[in-house]
Amino acid sequence: MSGRNSAVTRTTRETDVRATVALEGSGRCDVSTGIAFLDHMLAALAMHGRLDLELTCRGDLEVDDHHTVEDCAIALGTAIDQALGDRNGIRRFGSAYAPLDEALARAVIDLSGRGYCRSELGLRRERVGQLSCENVSHFFLTLAAAMRATVHMDVLVGENDHHKIEASFKALALALRAAVAIEGNALPSTKGVL
């Protein structure tokens, strides 16, 4: 299937976000959020998830990074949700581990149609670059809600917050890549609906 792509625009008083996603991609990424570390994490998500991703955001970074992080997650999650269409034939479930040096992260995803996220990242720093560490879990929560997925994220071990965050994004990318894979044409639900 080559038609699983979507474009989303989200404009508020706080941000202006444009996101384009192709689920059958090569990992191509063109991202500019105004938060360099978030750009780096989204590039990792695209590369390891094999998504083609374009995302730009003009946000009120003079206030702080919260609105930009949240609205980028909403736009990206909405684009993924729309690209999934009716979700017929998807594997639905995905899980993955990703290490980065001393850090090891686990991500488990269910493209269930129900948005929920639990994350235990064990971050200690206030920020990495311009990204507030409290907004990393918020990004995952907001992304899960917008793409209507259940997500569990854990950093199992690690010392360096940069490594923990990057391992988490990579684990999520690998789990998402598995979950969106096409395995047939039936809806993967005993309820008959996702």
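User: A salt bridge is taken here as a side-chain nitrogen of Lys or Arg within 4 Å of a carboxyl oxygen of Asp or Glu. How many salt bridges does the structure hold?

Analyst: This is a predicted model, in which local features need pLDDT of at least 70, side-chain atom pairs count only at pLDDT 80 or more, and totals for chains, interfaces and linings use all residues. Residues are numbered from 1 along each chain as its sequence is written, and side-chain values use heavy atoms, leaving out hydrogens and water. The number of salt bridges that the structure holds is 14.

User: How many residues apart in sequence are the parts tied together by Asp 154 and Arg 106?

Analyst: The side chains of Asp 154 and Arg 106 form a salt bridge, 3.2 Å from N to O. Asp 154 is in strand E10 and Arg 106 in strand E6, so the parts that they tie together are separated in sequence by 48 residues.

User: Are Asp 154 and Arg 106 buried or partly exposed?

Analyst: Asp 154 counts as buried because its relative accessibility is 11%. Arg 106 has a relative accessible area of 27%, so Arg 106 is partly exposed.

User: Where does Arg 124, the salt-bridge partner of Glu 159, lie in the chain?

Analyst: Glu 159 and Arg 124 meet through their side chains at 3.5 Å, N to O. The two are 35 residues apart, and Glu 159 is in the loop between E10 and helix H4 (161-180). Glu 159 counts as exposed at 53% relative accessibility, as does Arg 124 at 55%. Arg 124 lies in the loop between strand E7 (116-120) and strand E8 (127-128).

User: In what order do the strands of the four-stranded open sheet run?

Analyst: Two strands count as paired if DSSP finds at least two bridges between them, and helices (H or I, at least four residues) and strands (E, at least two) are DSSP runs numbered from the N terminus. The pairing in this sheet is mixed, and the order is E1-E2-E4-E3.

User: Which are the edge strands of that sheet?

Analyst: An edge strand in this sheet pairs on one side only. The two that do so are strand E1 (5-11) and strand E3 (29-32).

User: Over how many bridges do E1 and strand E2 pair?

Analyst: E1 and E2 form a hairpin with three residues between them. Ser 6 has Val 21 of E2 as its bridge partner, and Arg 10 stands opposite Val 17 in E2. The antiparallel pairing of E1 with E2 (residues 15-22) runs over a number of bridges that is seven.

User: Which residue takes a positive phi in the hairpin of E5 and E6?

Analyst: E5 and strand E6 (residues 103-110) are antiparallel, paired over eight bridges. Ala 96 faces Ala 107 in E6 across this pairing. The hairpin has two residues between its strands, and the residue with a positive phi near 55° is Asp 101.

User: Which residue of E10 is the bridge partner of Asp 110?

Analyst: E6 pairs with strand E10 (residues 150-157) over seven bridges, in the antiparallel sense. In E10, the partner of Asp 110 is Thr 150.

User: What distance separates the end C-alpha atoms of helix H1?

Analyst: The expected span of a helix is 1.5 Å times one less than its number of residues. Helix H1 (residues 36-49) has 14 residues, so it should span 20 Å, and the model agrees with an end-to-end C-alpha distance of 20 Å.

User: Which residue takes a positive phi just after H1?

Analyst: The buried residues of H1 include Phe 37, Leu 38, Asp 39 and Gly 49. Just after H1, the residue with a positive phi of about 55° is Arg 50.

User: How far from Glu 70 is Thr 142 in space?

Analyst: Thr 142 is in helix H3 (residues 134-146), and its 9% relative accessibility is why it counts as buried. Thr 142 and Glu 70 are 72 residues apart in sequence, while their C-alpha to C-alpha distance is 6.5 Å.

Note on methods. Buried < 20%, exposed > 50% of the residue type's maximum accessible area, 1.4 Å probe, protein only.
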